[in-house]
Amino acid sequence: YDGIFFVDGQRYVMPICKYGNADIYGKLLDRHENLKYLGCASGAIWTGLYKISFLRKNGIELSETPGASYQDVSFAFLVTLLASSAYHLKKSVYFYWLDNGDSSTNDPKKVMAIIVEYDNLYEKLSQRKADSYIWDRYYHTKYSSYYWNICRLGLDNSLSFAEYYHDEVLRDEKEGHICRKTKDDIDYNIT
């Protein structure tokens, strides 16, 4: 997709490549060979077309949240998990406004909104009786998203979110959901 932003009233377009691996574009990808490139692993659900029969068959829908905040989280996760194949175009057919001051990512009232979406995804995976591989992916994706959230927030908001992040990492570690094996695993070692 192409990102759009404005500087002093001048419009700029910046091509954004979802994946750094050029080999995945222009061919049908099979889930067994290319799991991380299926669906919309980057969370950019607006860059895809989805078969309605696939979404209905797998019970995939956007969560109902105020202001449509972070609904792409569970949608992207489930599509990536359940799709048997995907096809990625190299050509941009969508423009995404990068500097929208009113977006969820720029709204200070939505600092904790991403937590609600991961709670929704947790419930969906519990109902589907997810296996250990899926739970490992869930926790990795969750904490990667939490880290992204801290990086995008201003100092005051990042401190309040970091406190929640810290407590949740400790709880998930104590309950055996995650294992902070290495000091350089930034997603789990925010503490």
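Let me begin with a term: a residue is called buried when its relative accessible area is under 20%, and exposed when that value is over 50%. Please also keep in mind that what you see is a predicted model.

With that cut-off, buried residues make up 36% of the 191 residues in the protein. The accessible surface comes to about 11,900 Å², and carbon and sulfur atoms supply 54% of that area. The secondary structure consists of 5 helices and 5 strands. Read from the N terminus, the order of these elements is β-β-β-α-α-β-β-α-α-α. Among contacts with a separation of 6 or more, 66% are between residues 24 or more positions apart.

Strand β1, residues 2-7, and strand β2, residues 10-15, run antiparallel and are joined by 6 bridges. One of the paired positions is F6, whose bridge partner in β2 is R11. The two strands form a hairpin with 2 residues between them, and D8 in the turn has a positive phi of about 50°.

Next comes the interior. In soluble globular proteins, nonpolar side chains tend to be buried together. The largest nonpolar core here has 31 residues, of which L121, L125, Y138, Y146 and F161 touch the most other members. Two or more residues of this core come from each of α2 (72-82), α3 (113-127), α4 (132-152) and α5 (155-174). To take F161 as an example, and setting aside residues up to four places away in sequence, F161 touches V111, M112, I114, I115, Y146, N149, I150 and L153.

Why does V73 count as buried? Its relative accessibility is 13%, and the cut-off is under 20%. Not counting residues up to four places away in sequence, V73 touches E117, Y118 and L121. V73 and N120 are 47 residues apart in sequence, yet their C-alpha atoms are 9.4 Å apart in space.

N58 lies in the loop between α1 and α2. N58 counts as buried because its relative accessibility is 17%. Leaving aside neighbours within four places in sequence, N58 is in contact with L82 and R128.

Finally, let us move to the surface. Which residues form a nonpolar patch there? They are L28, Y87, L89 and V93, which together have about 470 Å² of accessible area. L28 belongs to strand β3, residues 28-30. Is L28 buried or exposed? With a relative accessible area of 62%, L28 is exposed, since the cut-off for that class is over 50%.

Thank you for your attention.

Terms used
Residues are numbered from 1 along each chain as its sequence is written. This is a predicted model: local features need pLDDT of at least 70, side-chain atom pairs count only at pLDDT 80 or more; totals for chains, interfaces and linings use all residues. Side-chain values use heavy atoms; hydrogens and water are left out. Patches are made of residues with over 30% relative accessible area and no salt bridge: like charges are joined within 9 Å, nonpolar side chains (Val, Leu, Ile, Met, Phe, Trp, Tyr) within 5 Å. Accessible areas come from the Shrake-Rupley method with a 1.4 Å probe; for residues, only the protein chains shown count as cover. A salt bridge is a side-chain nitrogen of Lys or Arg within 4 Å of a carboxyl oxygen of Asp or Glu. Helices (H or I, at least four residues) and strands (E, at least two) are DSSP runs, numbered from the N terminus. Buried means under 20% relative accessible area, exposed over 50%, partly exposed in between (1.4 Å probe, protein chains only). A nonpolar core is a set of buried Ala, Val, Leu, Ile, Met, Phe, Trp, Tyr and Cys residues joined through side-chain atoms within 4.5 Å. Contact means heavy atoms within 4.5 Å. Two strands pair if DSSP finds at least two bridges between them.
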